[in-house]
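Here is a short briefing to read alongside the model. Please keep the sequence and the 3D view open as you go.

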Amino acid sequence: MVYDSGAGFGILAREDFSELTYSLVIDHPLMARAARPGQFVIVMSHESGERIPLTIADFDREKGTVTLVVQAVGKSTKEMQQHCQAGTTLYGVVGPMGVPTSLAGKKKVVCVGGGLGVAPIFPQARGFKENGAYVVGVLGFRSEKLIFWADKFKACCDELILCTDDGSAGIKGFVSDGIKLAIERHHDIDEVVAIGPPIMMKACAETTRPHAIKTVVSLNPIMVDGTGMCGGCRVKIGSEVKFACVDGPDFDGHKVDFNDLMMRLRRYAKEEKTALDRWSDSCRMMKQSSPEPLDAPLELPDPFDETSGG
Ligand SMILES: Cc1cc2nc3c(=O)[nH]c(=O)nc-3n(C[C@H](O)[C@H](O)[C@H](O)COP(=O)(O)OP(=O)(O)OC[C@H]3O[C@@H](n4cnc5c(N)ncnc54)[C@H](O)[C@@H]3O)c2cc1C
Ligand code: FES
């Protein structure tokens, strides 16, 4: 497999935030110009790679770059972690996809990011600020050593509430505790926007429900085409069925059926584990047989096998 060919989209910089989480700055002037907060791209890291959706975590129109922040959770994201370095390329970056977040007309918003969700909430916090809103940032991490982008948030938030599970920085508690604090301090919040694992977004929606504060969440169901055709990203919103790729990914958190979302996210766990095991075995075998870097395609299952049926 060749990762540093001339074709594709150049990776200009990479930063590792932890053993699992890394950012990639991609040279893509057209995407940088078109991107809006709340949108995502579909990435193929190499010619036979799986198509994976990743949120546009930052964009710089002057420099012509977009930034992705990735958590290595399975085969494709671990493969990218191994191969995507500054100077290499991504084979395909399609987008921007999804409906941009509605930023205008809000006076006071709370932008909530939990763990990896901290990255995708950033363009929204900055966008709200640029649109004249008072922005309270609530960021949650397991512990101090996992914190990233605090400075970027300080630059665009009027207030920043840091929460850590172990109390090593900010307040000890979850982002839902941070939201409670923000609600105590402010009685005029127009909207809460929350991004993170489904269980976290569910907790955020339940925290704001008794206060009747509009709460928007960004859903992350399994996506294949990203164009509304495969049905893979079906989500239940109140009595309606929506496709997160074209109708979202932002939805009213008080209407989302989170249990259905979580059940559907686990649907291909067996196939995902098989793909990861086969990839890890191939890596081990290649390492044993040759000290050279990988340069031949690995025999991997068709990624569409994992999501067929929607
Ligand atoms: C709109 C959207 C934005 C996202 N933004 C980011 C982001 O900015 N950073 C990030 O690290 N992750 C993001 N994700 C999740 C990311 O797409 C998955 O982690 C990735 O596809 C996992 O692939 P894998 O092969 O590494 O892991 P796998 O082992 O295949 O899957 C691990 C878990 O990831 C989820 N997943 C698997 N395949 C897909 C898929 N095709 N689409 C969506 N979820 C999948 C499932 O819950 C699965 O259990 C986003 C997902 C969506 C829908
Ligand atoms: S990914 Fe949304 S319909 Fe296929």
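An oxygen atom of ligand 1 sits 3.0 Å from a polar backbone atom of serine 76, a polar contact in the sense of a pair of N or O atoms within 3.5 Å; within protein, one must be able to donate a hydrogen and the other to accept it, and residues adjacent in sequence count only if both atoms are side-chain atoms. The protein covers 87% of the 840 Å² of accessible area that ligand 1 has on its own; such areas come from the Shrake-Rupley method with a 1.4 Å probe, and for residues only the protein chains shown count as cover.

This is a predicted model, in which local features need pLDDT of at least 70 and side-chain atom pairs count only at pLDDT 80 or more, while totals for chains, interfaces and linings use all residues. Residues are numbered from 1 along each chain as its sequence is written, chains are lettered from A and ligands numbered from 1 in the order in which they are written, and side-chain values use heavy atoms, with hydrogens and water left out.

**Around ligand 1**

- The shell holds 23 residues, of which Pro53, Val69, Gln71, Thr77 and Met223 come nearest; a residue is near if one of its heavy atoms lies within 4 Å of the ligand.
- By type, the shell has twelve nonpolar, six polar and five charged residues, where Ala, Val, Leu, Ile, Met, Phe, Trp, Tyr, Cys and Pro count as nonpolar, Asp, Glu, Lys and Arg as charged, and the others, Gly among them, as polar.
- β4 (52-55), β6 (65-71) and α2 (75-83) each supply at least two shell residues, and β4 gives the most, with four.
- Helices (H or I, at least four residues) and strands (E, at least two) are DSSP runs, numbered from the N terminus.

**Helix α2**

- Seven of the nine residues of α2 are buried, so the helix is largely enclosed by the rest of the structure; buried means under 20% relative accessible area, exposed over 50%, and partly exposed in between (1.4 Å probe, protein chains only).
- The buried residues include Ser76 and Thr77, as well as Met80 and His83.

**Sheet and hairpin**

- Seven strands form an open sheet with mixed pairing, in the order β12-β11-β10-β9-β13-β14-β17; two strands pair if DSSP finds at least two bridges between them.
- β12 (171-172) and β17 (250-252) are at the edges with a single partner strand each, so one side of each has no neighbour in the sheet.
- Inside this order, five bridges join β9 (residues 108-114) to β13 (residues 191-195) in parallel, with valine 112 opposite alanine 194.
- β15 and β16 make a hairpin with two residues between them, and glycine 238 in the turn has a positive phi of about 60°.
- Val235 and Ile237 form the covered face of β15, whereas Arg234 and Lys236 form the uncovered one.

**Lysine 106**

- Where does lysine 106 sit? Its place is in the loop between β8 (92-97) and β9.
- At 13% relative accessibility, lysine 106 counts as buried.
- The side chain of lysine 106 reaches the backbone oxygen of serine 102 at 2.9 Å and makes a 3.4 Å polar contact with the side chain of glutamate 191.
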